[in-house]
Amino acid sequence: MDIKKAMEILRENGYKNTSQRKIILDVICKQKRPYKANEIFNMVSEATSGINFSTVYRNLELFLNLGIINKISLNESFNYYELSTGKHRHHIICKLCGVVKEIDLCPFKDMEISELEKLGFEPKEHKFEIYGICSKCKNNMIK
Ligand SMILES: [Zn+2]
Ligand SMILES: [Zn+2]
């Protein structure tokens with residue numbers, strides 16, 4: 001997924017590529033990690049004035065519905081958004097600062113799928129998150 005593809009999806013679904021949408025997509029495409037809606041709003045505000053939080057939030061929900069971005073829900077108050085990559089991933093989350101990073105490992109790969117098959121169950125998807133303390137917060141604690 002990139003900004004070109006995202007705009008194509010919008011167009012195909014009958015949505016206009018407004019300059020505000022372009023700026024929001026641009027911010028999301030440049031992000032290195034999943035961000036909360038208010039973090040995305042802050043970055044969008046830096047790029048353009050006169051955009052309010054509800055506009056940004058409505059567009060995030062639209063991008064989500066169109067599969068342009070993914071939402072990672074850690075609990076009711078923490079939703080993170082990231083660009084869809086189609087890649088299977090899991091996340092590590094810092095309990096102190098809330099920073100989220102993706103990791104390459106998937107514990108499900110090593111699981112006994114045959115155990116689920118015995119139950120007649122066909123797994124389609126799963127979620128897995130590791131909570132802990134990030135290196136930055138750990139360094140701050142030592143000081
Ligand atoms: Zn941290
Ligand atoms: Zn997995």
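The centres of domain 1 and domain 2, taken over C-alpha atoms, are separated by 24 Å. The domain assignment of the protein chain places domain 1 at 3–83 and domain 2 at 90–142, with bounds that come from an automatic or database domain assignment. The model is predicted: local features need pLDDT of at least 70, side-chain atom pairs count only at pLDDT 80 or more, and totals for chains, interfaces and linings use all residues. Residues are numbered from 1 along each chain as its sequence is written, while chains are lettered from A and ligands numbered from 1 in the order in which they are written.

**Contact between the domains**

- Six residues of domain 1 are in contact with seven residues of domain 2 (contact: C-beta atoms, placed from the backbone, lie within 7 Å).
- On the side of domain 1 that touches domain 2, β2 (69–75) and β3 (78–83) are the elements that give two or more residues; strands (E, at least two residues) are DSSP runs numbered from the N terminus.
- This side of domain 1 has five nonpolar residues, no polar residues and one charged residue (nonpolar: Ala, Val, Leu, Ile, Met, Phe, Trp, Tyr, Cys and Pro; charged: Asp, Glu, Lys and Arg; polar: the others, Gly among them).

**Strand pairing of β4**

- Strand β4 (residues 90–94) runs antiparallel to strand β5 (residues 100–103), joined by four bridges; strands pair if DSSP finds at least two bridges between them.
- Ile 92 has Lys 101 in β5 as its bridge partner.
- Five residues lie between β4 and β5 in their hairpin, and Gly 98 in the turn has a positive phi of about 80°.
- With strand β6 (residues 129–132), β4 pairs in the parallel sense over four bridges, and Tyr 131 in β6 stands opposite Ile 93.

Notes. Contact = placed C-beta atoms within 7 Å.
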